[in-house]
Amino acid sequence: MTSQTTISAAGPGGTAPADPSDGPPAKGLRGHPWFTLITVAVGVMMVALDGTIVAIANPAIASDLGATFAQVQWITNAYFLALAVSLITAGKLGDRFGHRQTFLIGVVGFAAASGAIGLSDSIAFVVTFRVFQGLFGALLMPAALGLLRATFPAEKLNMAIGLWGMVIGASTAGGPILGGVLVEHVNWQSVFFINVPVGALALVLGVLILLDHRAENAPRSFDLLGIAFLSGAMFSLVWALIKAPTWGWGDGLTWTFIVASVVLFAAFAFWETKVGEPLIPLGLFRSVPLSAGVVLMVLMAIAFMGGLFFVTFYLQNVHGMSPIDAGLHLLPLTGMMIVGSPLAGAAITKLGPRIPLAGGMAATAIAMYGMSTLETDTGSGVMSIWFALLGFGLAPVMVGATEVIVGNAPMELSGVAGGLQQAAMQIGGSLGTAVLGGVMASKVDSDLPGNWTGAGLPELTPAQLDQASEAVQVGVAPVAKGTPEAVAAKIADVAHDTFISGMSLASLVAAGVAVVAVFVALLTKRGANAEAGAGVGHI
C-alpha cells in the first residue's frame, strides 16, 4: 500500500501491523466489522433521534419552565448551530487522535449532556446543555463513519453504510413517535434521560469492540486559524438561515451575516492554500465525484427536511392528529428507508452509485410532486403512497452520497470527509426549512387576504392579518375565543385551504430541487480510495 492508504489498528493492548492485510484477522469481538457497525449505530441513534424527538417535547418544556416561544426555539437552534459549526473540526480531531477515542468521548459527553438537560430547572440550563449535546454529537458522527471506512473492505462498505443510513433514517423519522409516547405517558425529561442508558450501552460496546484505526500519515498538527475561519463562516451562514424567517430575507441583518459568511469562507479558502497542514486540503474538491456528493447531500436535505417540515404541520394541524398519530402516519416513509437502505447498499455495490443515486432523486422528485397534490381531505392511503415513495427515493441517496464522499477521500482524511457529509446535510436541512419556509410565507401572505374576504369573513386590520398569516403558515386556524361556531368553521376552512396552497408550492419547489439533484448524481462514481480501509477483522 502507499503511505496515503496505509493504516494501523491499535487496540489497548498493542499495535497491529501497518498494513491490515498483512496481519492476522481480528479474534472474537474486538475489531469485528459487523459488531463495529452495531456499536457505532447505537451511538449515532442518539444524535439522530435528538434531531426530531425534542420538537414533540417543546410545548411541555415551555409550559413546565415558563419559557417564551423565542426561548423554546433556542432549544432546537442551539443544538443545530453547535452541531453544524463543529462537524468538520470534529472530524479532523478523529483523524488526528483516532476515531475510537473520539467516538467514545462523543458518546459519554452526549449522554451526560442529555442527563443534565433532564435535571435542568430553567430554560437557560436546557439551552446551554443543548449546545454541549451538539458539540459532543459532532464528535460522534464523523468518527462513526471513519470507523466504518477503516473496518470494512471495499466490497462490503456500501452495505455497512446502507445499514448505518437505515439507523439514521429510522431514528430521525421515529423521533416524533417515541417523543410523543414519552411526553404523553412519562414526562418531557424522559426524552433526554433515555439517552443515558443508550449512551452507557454504546460506551460498553465501544470499549469491548472498537479498534483504533489511524492512517500512517494522519495529521499531526491543527490549523487553528483555519478552524476559526471555517467555524465563523459556518456560524454566520447557519445563523442567517435560522433567523431569516423572523428578520425577513430583505433585512439588513440577514444579509450582514450572509456577506460575513462569504467573506469568512473566502478567507478560509485562501488560508488553506498557505498553511502547511490545512484543516481541509482544497485538493479534495478536485475530485468531481466527491464535490458532487457534497452538493447532492445539500440538495437531498433541502428537499427532504424542508418538505417534511410542512408535512408534520399538515398532519397535526390540518388533519388534527396527535403527535403519536402523526408519527404513525409517517411509518411508510420510515419503513421504506429501513427496507431500502440495505437494498440500496447492495445495488450500489453491484452497479456503482450513479444509477441508484439518480434513480433515488428521481423518485424523490416524483414523491414531492405527489405531496403537492395533497388536500385537506386526502385519505391516509394516498398519503402513505407518497410517503413510502419518498422513503424509497431517499434511501439510496443517504447511502450512496455518503460512500461517494467518504470513499473518494484519502484514508487519513476520512474523519474530515465524514464531517463534510454531515455538515452538508445540516446546511441543506437549514436551507430547506428557510427557503421553503419563505416560499410558504410568501404564498400565504399573497392568498390569505383574498381567501378571507372571499369567504365573507370580517375584514382584518394589517396587524391582525399579520398574526393570522403567521398562524396559517403552520396550518393553525386563527380563531379567537368566543367566535361563533359557524364563523370558526369558515375561518378553519380558509386557513387550511391557504396552508395547502402554500405547502403545494413549497413541495413543487422541493421537487424542482430534486430534479436538479438527478443531474448532479450523474457526476458521481465509486470511491477511488474506498479500498484503503479494507480488511481489518473478518466479515
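A caution to begin with: what you see is a predicted model. The chain has 539 residues, and 56% of them are buried. Its secondary structure consists of 18 helices and three strands. If we take contacts between residues at least 6 apart in sequence, 85% of them join residues at least 24 apart. The accessible surface is about 20300 Å², and carbon and sulfur atoms account for 69% of that.

The largest nonpolar core contains 120 residues. Phe 103, Trp 164, Leu 296, Met 300 and Tyr 314 have the most contacts inside it. Which helix gives the most to this core? That is helix H11, residues 288-318, with 18 residues. Another core, of 17 residues, lies apart from it; Ala 67, Ile 75, Val 126 and Val 127 are among its members.

Back to Tyr 314. Leaving out residues up to four places away in sequence, Tyr 314 touches His 319, Leu 374, Glu 375, Thr 378, Met 383, Phe 499, Ile 500 and Met 503.

Last, Ser 114. This residue sits in helix H4, which covers residues 99-119. Is Ser 114 buried or exposed? Its relative accessibility is 0%, so Ser 114 counts as buried; the cut-off for that is under 20%. Beyond its neighbours within four places in sequence, Ser 114 is in contact with Gln 133, Phe 192 and Asn 195. With Asn 195 there is also a polar contact, side chain to side chain, at 3.0 Å.

That is the end of the talk.

How values were computed
Residues are numbered from 1 along each chain as its sequence is written. This is a predicted model: local features need pLDDT of at least 70, side-chain atom pairs count only at pLDDT 80 or more; totals for chains, interfaces and linings use all residues. Side-chain values use heavy atoms; hydrogens and water are left out. Helices (H or I, at least four residues) and strands (E, at least two) are DSSP runs, numbered from the N terminus. Buried means under 20% relative accessible area, exposed over 50%, partly exposed in between (1.4 Å probe, protein chains only). A polar contact is a pair of N or O atoms within 3.5 Å; within protein, one must be able to donate a hydrogen and the other to accept it, and residues adjacent in sequence count only if both atoms are side-chain atoms. Contact means heavy atoms within 4.5 Å. A nonpolar core is a set of buried Ala, Val, Leu, Ile, Met, Phe, Trp, Tyr and Cys residues joined through side-chain atoms within 4.5 Å. Accessible areas come from the Shrake-Rupley method with a 1.4 Å probe; for residues, only the protein chains shown count as cover.
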